[in-house]
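Dear colleague,

I am passing on the structure we spoke about, and below it you will find my notes on what came out of the analysis. Please read them with the model open beside you.

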Amino acid sequence: SPKARRGPLVAGALALVGLAAVGLAVVGPAPDVAPVQVRVASGVEGELLVDGRSRGRIEPAVELVFELPPGPHRFAVMADEGLSLARAVDLDGPARVELELPSAPAGASAAEDVAEPPEPEAVAPEAVEPEAVEPEAVEPEEVEPAPAAPPAVTPPSTPVDLADVLARCRNDDACQVEALAGRARSPLERATLIQAYRDLGRSADMVREMRAFLAMYPDAPQAPSYRRQLE
């Protein structure tokens, strides 16, 4: 009969529903990803940036401790001396991140060696009898006016987001130079550009930017260090 045929079908459907309920109870919802603890130490004093966002001031003798989600993160310190320390870390558990001072590239001196011309050989003058020469009237020379002082150097008006540049370029110094050259307008932005030139070994560009920095920001914290390097 029809009722007899529906009996096994209903029983089978109830069995499938029961299995589905057991499966959901076993699997359950996906667990949330727990953050991991990070300890950050720096070789210089300055502002700590994590993924382009400020985490406050950091000093060599003090570690900053906070939590971050697992995965890749970008750590950077903008030092008061004009140096920028950066490091990318892929977190998969509690970690300690150290930001150390980079070594200066070979040949990155402020003054480049200049070959001196050889001294001329001494030549004995030949004896020449003086000829009688009538004195000529000498007209007074015109004195040219002193050249006008060069115009004051002013920062460019095009704004630049330093945090965005550091997050986008990461450890790529060439990328930082491309983003900041001709656009840096604050002491921190120009100091970052100078450090990028230093890391790339571009001494002439580094010296030029140091002199422009001192002309615009003579009282900045980085100014004494740049003056010593240019001496």
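Ile58 lies in strand E3, which spans residues 53-58. Please keep in mind throughout that this is a predicted model. With a relative accessibility of 1%, Ile58 falls under the 20% cut-off and therefore counts as buried. Leaving aside residues up to four places away in sequence, Ile58 touches Val40, Ala41, Ser42, Val44, Glu45, Gly46, Leu48, Leu64 and Val77. One of these, Val44, is 14 residues from Ile58 in sequence, and the C-alpha atoms of the two are 8.0 Å apart in space.

**The chain and its strands**

The chain has six helices and seven strands, and from the N terminus on its elements run in the order α-β-β-β-β-β-β-β-α-α-α-α-α. Of its 231 residues, 30% count as buried, while the chain exposes about 16100 Å², of which carbon and sulfur atoms supply 56%.

Strand E1 (residues 36-42) is mostly covered, five of its seven residues being buried. E1 pairs with strand E4 (residues 64-68) in the antiparallel sense over five bridges, and within this pairing Val36 has Leu68 of E4 as its bridge partner. With strand E7 (residues 95-99), E1 pairs in the parallel sense, again over five bridges, and here the bridge partner of Val40 is Val97 of E7.

**Aromatic rings**

Which rings pair, and how are they arranged? The structure holds two aromatic pairs. In one of them, the ring centres of Phe213 and Tyr226 are 5.0 Å apart and the planes stand at 85°, which is over the 60 degrees required, so the pair is edge-to-face. Because Phe213 belongs to helix H5 (residues 203-216) and Tyr226 to helix H6 (residues 223-230), this pair ties together parts of the chain that are 13 residues apart in sequence. Phe213 and Tyr226 are both buried, and ring pairs link Phe213, Tyr217 and Tyr226 into a cluster.

A further ring is involved in an arrangement with a charged side chain: Arg55 lies over the face of Phe66, at 4.5 Å from the ring centre.

**Confidence**

The mean pLDDT of the chain is 74, and 62% of its residues reach 70 or more. Among the elements of the chain, helix H1 (residues 2-27) has the lowest mean pLDDT, at 49, whereas H5 has the highest, at 92. Over residues 19-28 the pLDDT is below 50, and beyond near neighbours in sequence this stretch has zero contacts in the model. Where pLDDT is low, the predicted coordinates should not be read in detail.

With best regards

Definitions and conventions. Residues numbered from 1 in each chain as written. Predicted model: local features only at pLDDT ≥ 70, side-chain atom pairs only at ≥ 80, totals over all residues. Heavy atoms only, no water. Phe/Tyr/Trp six-rings, centres within 6.5 Å; stacked < 30°, edge-to-face > 60°. Helix = DSSP H or I, 4+ residues; strand = E, 2+ residues; numbered from the N terminus. Buried < 20%, exposed > 50% of the residue type's maximum accessible area, 1.4 Å probe, protein only. Lys NZ or Arg CZ within 6 Å of the ring centre and 35° of its normal. Areas by Shrake-Rupley, 256 points an atom, 1.4 Å probe, with all protein chains shown as cover. Pairing = 2+ DSSP bridges. pLDDT = per-residue confidence, 0-100. Contact = heavy atoms within 4.5 Å.
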